[in-house]
Amino acid sequence: MIHYQRKIDIKNFTIFFIIFLFVVLVCSFSFTRIAYRSVGLFSEIRKMLVLKDEFTFVILLMILIVMLNIEKRGFYSRQRNLIFYSLVGACCAFFFIGSYIFKFITVYRTDIIIDALVLLQIIFMVLAIWELPIGKPLEKSSFIGLLAIAMVDFFFTMAIVMYKEEISLTIEYLKNKTFYFVQPILVIGIIHFVILLISIKLCGKLNIRSLGLFNTLNFMNGVAIFLFVWVLIQFTQFVVVYLLTNRVVWVFTHHDIIPVEWLGNYFAYILGVGLPEELLMRGVMFTQLYALFLIKFPFKKKQSILMSLITSQVLFGMNHLPKLEFEMGWDYLIRTFMLGIFFVLVYLRTGSIYVSIFVHGLMDYHVPLFYSKEMIPYTEDIATLVQFYTLIALIGWPCITKK
C-alpha cells in the first residue's frame, strides 16, 4: 500500500463546501470591482492574469507544505482548521486581486517570471510529496515489464495518430446514432484502457485489483472531489460574468453544442483520457518505479520518490510527443511534465486513483455552463480554476475526511 485511505465526512465536507462558496462570492465581487477600474490592464496584458495565477498556485503549494507539517506535529483539529481557513482565505483574496498588484511588472519580464514560477511549482510539489506518509507497494513488477507496458502504450498512441482519420470515420456512425453522446475519444480511451489492463497483467505481472479501480471508497472520494471542484467552477464563472456584464447565457446558447454532446464530452475525457493515463502513469509507472528504486537500489525514500517522479512523468510527457504536430511547442511538454507531478500529488494525498482520474478529465474538458453574451477578455482561465480548487481540497483533506 503506497498511500493511506480516508473517507469523506459528509458533515465536514458540506461545511467546507459552503464556506468556499461564500469565499468565492466575496472574492469574485472584489475581482470585478478591480476589473471595472483596470479594463485596459486586463485586456491588453493578458499575461498579467497568467502571472497572478502561477504565483497563487505557488502560494497554495506553500500552504499545503505548512499543513502537512502541522499534521505531522499533531496539532489539535481546531488550531489546524483555524490556520487552514486563514491561509486559504488570504490566498483566495489574492487570487482575484493579484493582477492589480502585478501591474508594475513590465511585459518583457513576464515570460521569465512565469517560467521561474513553473519551476518553483515543480520544486514545491516534490517537497509536498516528500512530506506525505507514503508506504511500500504490496507487490512489484520489473523494469523490463514496465518498459514493455510503456512500449505498448506508446505504439498504441502512435497508431491512433497515424490512423486518426480512418478511426474517426469508423466511429462517426456511432456518434450520430447516440446524438453525439458517444465521442471518438471515449471509444478510443476504452480500447486503450482494456489494452493497458491486458499488458499490465501479462507484462507487469500485477494484480489488477491492487490498483484500486474496484474500491468503492476510492470511487466515492473521486466523485466528491469532482463535484466540489466542478460546482465551485460553475459558481465562480456565473458570479464573475454576471457582475461584469449583468447578462449570463447558457453554454448551449453561446456555442454550437447541445446538452447531450456537452455531457458526453465529460464522460469522454474522464473515461477516455483520465482513466487510461492515470492508470498507467500514476497507478502503475510511478508506484512500481518507486518500489523498484527503493528495493533494488541503495536509495533512500526521498531519493526513490524523486527518481520515480522524474522517470514516470518524463514518460508521461513523451506520451504527448505526437501532439507537437498540432502546433504545440516544447513548453507544452514542460507543462505536461508539471501537471504529471501535480496528478501524482493528488493521487498520493487522497489515496484514490479516481480523484486524479476525475481531476485529469476535468482539466482536459473544462467548458463551463455559463458565459457572457459578449466575450470578455479578463475572466479567469477555467483550467487554472481546476488546479486552484483541487489544491484547496488537498490542503483541507484532513478537515473533510476521517480515517
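**Figure 1. Accessible surface and overall make-up of the chain.** In this predicted model, the chain has an accessible surface of about 19000 Å². Carbon and sulfur atoms account for 69% of that area. The chain is built from 16 helices and four strands. It runs to 403 residues, of which 53% count as buried. Among contacts with a separation of 6 or more, 85% are between residues 24 or more positions apart.

**Figure 2. The largest nonpolar core.** This core contains 105 residues. The members that touch the most other members are I129, L213, F228, F342, L345, Y389 and L391. Helix α11, residues 259–296, supplies the largest share of the core, with 15 residues. In soluble globular proteins, nonpolar side chains tend to be buried together.

**Figure 3. Surroundings of L213.** L213 is one of the core members that touch the most other members. With residues up to four places away in sequence left out, L213 touches F193, L197, L275, L279, I353, Y354 and I357.

**Figure 4. A nonpolar patch on the surface.** The patch consists of I190, V194, I198, L202, L263, F267 and L271. Together these residues have about 590 Å² of accessible area. Two elements, α8 (184–202) and α11, each give two or more residues to the patch. The largest share, four residues, comes from α8. V194 is located in helix α8. Its relative accessibility is 40%, so V194 counts as partly exposed, the range for that class lying between 20% and 50%.

**Figure 5. Salt bridge between E54 and R335.** The structure holds two salt bridges, and one of them joins E54 to R335. The closest N and O atoms of this pair are 2.8 Å apart. E54 belongs to helix α3 (residues 47–73) and R335 to helix α13 (residues 330–350). The two residues are 281 residues apart, and the pair links distant parts of the chain. E54 counts as buried because its relative accessibility is 10%. R335, at 28%, counts as partly exposed.

**Figure 6. Salt bridge between E278 and R282.** The side chains of E278 and R282 meet in a salt bridge, with an N to O distance of 2.6 Å. Both residues lie in helix α11, and because they are four residues apart, about one helical turn separates them. Both E278 and R282 are buried.

**Figure 7. S308 in helix α12.** Helix α12 spans residues 301–318 and contains S308. The relative accessible area of S308 is 0%, so S308 is buried. Its side chain reaches the backbone oxygen of I305 at 2.9 Å. Apart from residues up to four places away in sequence, S308 touches F286, L289, Y290 and F293.

**Figure 8. T157 in helix α6.** T157 is part of helix α6, which covers residues 143–162. With a relative accessible area of 15%, T157 is buried. The side chain of T157 reaches the backbone oxygen of D153 at 3.0 Å. T157 and I188 are 31 residues apart along the chain, and their C-alpha atoms are separated by 9.9 Å.

**Figure 9. D9 between β1 and α1.** D9 sits in the loop between β1 (7–8) and α1 (10–37). The residue is buried, its relative accessible area being 16%. Once neighbours within four places in sequence are set aside, D9 is in contact with I400, T401 and K402.

**Figure 10. Backbone at K205.** K205 is found in the loop between α8 and α9 (216–245). Although K205 is not a glycine, it has a positive phi of about 55°. At 66% relative accessibility, K205 counts as exposed, because the exposed class begins over 50%.

Technical notes
Residues are numbered from 1 along each chain as its sequence is written. This is a predicted model: local features need pLDDT of at least 70, side-chain atom pairs count only at pLDDT 80 or more; totals for chains, interfaces and linings use all residues. Side-chain values use heavy atoms; hydrogens and water are left out. A nonpolar core is a set of buried Ala, Val, Leu, Ile, Met, Phe, Trp, Tyr and Cys residues joined through side-chain atoms within 4.5 Å. Buried means under 20% relative accessible area, exposed over 50%, partly exposed in between (1.4 Å probe, protein chains only). Contact means heavy atoms within 4.5 Å. Patches are made of residues with over 30% relative accessible area and no salt bridge: like charges are joined within 9 Å, nonpolar side chains (Val, Leu, Ile, Met, Phe, Trp, Tyr) within 5 Å. Accessible areas come from the Shrake-Rupley method with a 1.4 Å probe; for residues, only the protein chains shown count as cover. A salt bridge is a side-chain nitrogen of Lys or Arg within 4 Å of a carboxyl oxygen of Asp or Glu. A polar contact is a pair of N or O atoms within 3.5 Å; within protein, one must be able to donate a hydrogen and the other to accept it, and residues adjacent in sequence count only if both atoms are side-chain atoms.
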